[in-house]
Amino acid sequence: MPTNAPNTAKSSEDSSSNFPFVGWLRDVAPYIHSFREKTFVIAFAGELVQEIGLENLIEDIAMLHAMGMRIVLVHGIRPQIEEQLMLRKIKSKFGKSTIHHYRITDAAALECVKEAAGELRLDIEAAFSRGLPNTPMAGSRISVISGNFITAMPVGVVEGVDYIHTGLVRKVDSASIKLSLDSSKIILLSPLGFSPTGQAFNLAFEDVAASTAAALKADKLIFLTPHAGLKDVEGDFITELSLPQLQEYLSGHLKDLDLGIKSLLNISGRAIRAGVSRVHFLPSNRDGALLEELFTHDGIGMMLASSDIENLREANQDDVGGILQLTMPLEEEGILAARGQDVIERDIQRFSVIEHDRVLFGCAALFPFPNGIGELACLAVDPDVQGSGDGERLLKRIEMRAKQEEIKRLFVLTTRTEHWFLKRGFKRATVDDLPEERKQIYNWDRKSMVLIKDL
Ligand SMILES: CC(C)(COP(=O)(O)OP(=O)(O)OC[C@H]1O[C@@H](n2cnc3c(N)ncnc32)[C@H](O)[C@@H]1OP(=O)(O)O)[C@@H](O)C(=O)NCCC(=O)NCCS
């Protein structure tokens, strides 16, 4: 550069404030790192194609693939089968079972299934092949592999009804799928399977997705479906459930749920028991749902996990010793404000803890103040298990308790953990933003930062 050239570069602070996406990209970087090389089975209902179209979903998946995620895509075709049946003036037939809602697939219906699956598969492959300049797919070169990965068996005769060509997944050729994933291919599965006798069977895409996720021990199984989310007793959507909680929910709500969602939940429970880490349920009519769920802290759907969550519980007097063991070293380092044993004993019902084999390895407390404000305090995770999501689970638990107590704003005082909270939706605030009662006991020597989150 000539020495007399004007220096037009702005300071890094100025330039990043002009480009908010820089901050945004940095915020999502941890997710990108942690999802790299993880296996995701993404299953979407045929309704999605009619409601919002394929284009954006395929672009989003192409981007996840470019970030290094191993992707198996499973598509449904229920409305597309209906269209084919209508075109041929054939009436849809379903069994009358009270436990499932299988289509009776006779020979004519099977032709419609093949037609619907073939057409949609071609549309998906075409969408992955786009690469026009100035589109999100520019520069992408994605190979999509479909094949006879699914061995099926007939549903057979149930309660006197023969389901003919309607089938269930018997086996998934996970070795071949893994080979293709290893060479960076996207696997595309239609809800069709084949028996060793060479017959084709009409399958539920949920069954194909869950069986494949189980066979691959996938990190995530994600359903985009038209089913409405589950609601708790107060009518709020449930965002997270453990397997035992799901079973409890199902036993209490069996009558209120339609067969479709019941069987989706059962299939998902089966996948978790078979070793799938997480199952997510997202609305199929919301553009960008997949990205919102994966790259935001709170997500937008419901997540089902194994029994891990059940180790998270409210504290009792027996936990005082364990809480002290966790917090005392941090108090000595000046990371947590000092709280004596008697104070913890007095406030024990304000604490939530995470335990494993009766050993505590995480705690957090919620202290309510007037006017719907609460303080998150004493958040600590045993250094040996830090980084495995327990801090985040404790935060979610405290947020849930806060909502139950009608707390609308949560604040935290921290000396060294500012960024951890900022990443989880807290915003910088000042001592003046604290409730009056808390302001009076603010320790000016510690000079803790004040962070606030609206719930
Ligand atoms: C903050 C704390 C509770 C997080 O617990 P955790 O179980 O490790 O949390 P998670 O697993 O949910 O999150 C881990 C992530 O947070 C990051 N992190 C940990 N401490 C951090 C800090 N001080 N600042 C910024 N990020 C931090 C980790 O690097 C990790 O990032 P990664 O997922 O990109 O690898 C734990 O580090 C702790 O006990 N710290 C000491 C006590 C404390 O500071 N409490 C808060 C004041 S009330």
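Visitor: Let's start with one residue. Where is the place of serine 284?
Guide: Keep in mind that this is a predicted model. Strand E13 covers 278–283 and helix H11 covers 289–295.

Visitor: Is serine 284 buried or exposed?
Guide: The cut-off to know is that buried means under 20% relative accessible area. Serine 284 has 1% relative accessibility, so it counts as buried.

Visitor: Which side chain makes a polar contact with the side chain of serine 284?
Guide: Start with what serine 284 touches, leaving out residues up to four places away in sequence: Leu48, Glu51, Ile52, Leu224, Thr225 and Pro226. One of them has a side chain in polar contact with that of serine 284, at 3.4 Å, and that is glutamate 51.

Visitor: Now serine 211. Is it buried or exposed?
Guide: Serine 211 is in helix H8, residues 205–216. Its relative accessibility is 11%, and with buried meaning under 20%, serine 211 counts as buried.

Visitor: And which side chain makes a polar contact with the side chain of serine 211?
Guide: Leaving aside neighbours within four places in sequence, serine 211 is in contact with Val169, Val172 and Arg270. The polar contact between side chains comes in at 3.1 Å, and the partner of serine 211 is arginine 270.

Visitor: What do the buried residues of H5 pack against?
Guide: Helix H5 spans residues 78–87, and its buried residues are Pro79, Gln80, Ile81, Gln84 and Leu85. The buried residues of H5 pack against helix H3 (46–51), helix H6 (107–129) and strand E10 (200–202).

Visitor: How many residues has the largest nonpolar core?
Guide: In soluble globular proteins, nonpolar side chains tend to be buried together. Here, the residues with the most contacts inside the largest core are Val41, Val72, Val74, Leu221, Phe223, Leu230 and Leu265. Leucine 230, for one, touches residues including Phe237, Ile238, Leu241 and Leu265. The largest nonpolar core has 44 residues.

Visitor: How many residues are in another core that lies apart from it?
Guide: Phe35, Ile42, Leu48 and Ile61 are among the residues of this other core. It lies apart from the largest one, and its count is 43 residues.

Visitor: How much of the ligand's accessible area does the protein cover?
Guide: The ligand is surrounded by 21 residues, the closest being Leu379, Val381, Gly387, Gly389 and Thr417. They divide into 9 nonpolar, 8 polar and 4 charged. On its own the ligand has 910 Å² of accessible area, and the protein covers 71%.

Visitor: Last one: what share of the protein chain do buried residues make up?
Guide: The protein chain comes to 16 helices and 21 strands. It has 455 residues, and the buried ones make up 46%.

Conventions: Residues numbered from 1 in each chain as written. Predicted model: local features only at pLDDT ≥ 70, side-chain atom pairs only at ≥ 80, totals over all residues. Heavy atoms only, no water. Helix = DSSP H or I, 4+ residues; strand = E, 2+ residues; numbered from the N terminus. Buried < 20%, exposed > 50% of the residue type's maximum accessible area, 1.4 Å probe, protein only. Polar contact = N/O pair within 3.5 Å; in protein donor to acceptor, adjacent residues only side chain to side chain. Contact = heavy atoms within 4.5 Å. Near = heavy atom within 4 Å. Areas by Shrake-Rupley, 256 points an atom, 1.4 Å probe, with all protein chains shown as cover. Nonpolar A, V, L, I, M, F, W, Y, C, P; charged D, E, K, R; others polar. Core = buried A, V, L, I, M, F, W, Y, C linked by side-chain atoms within 4.5 Å.
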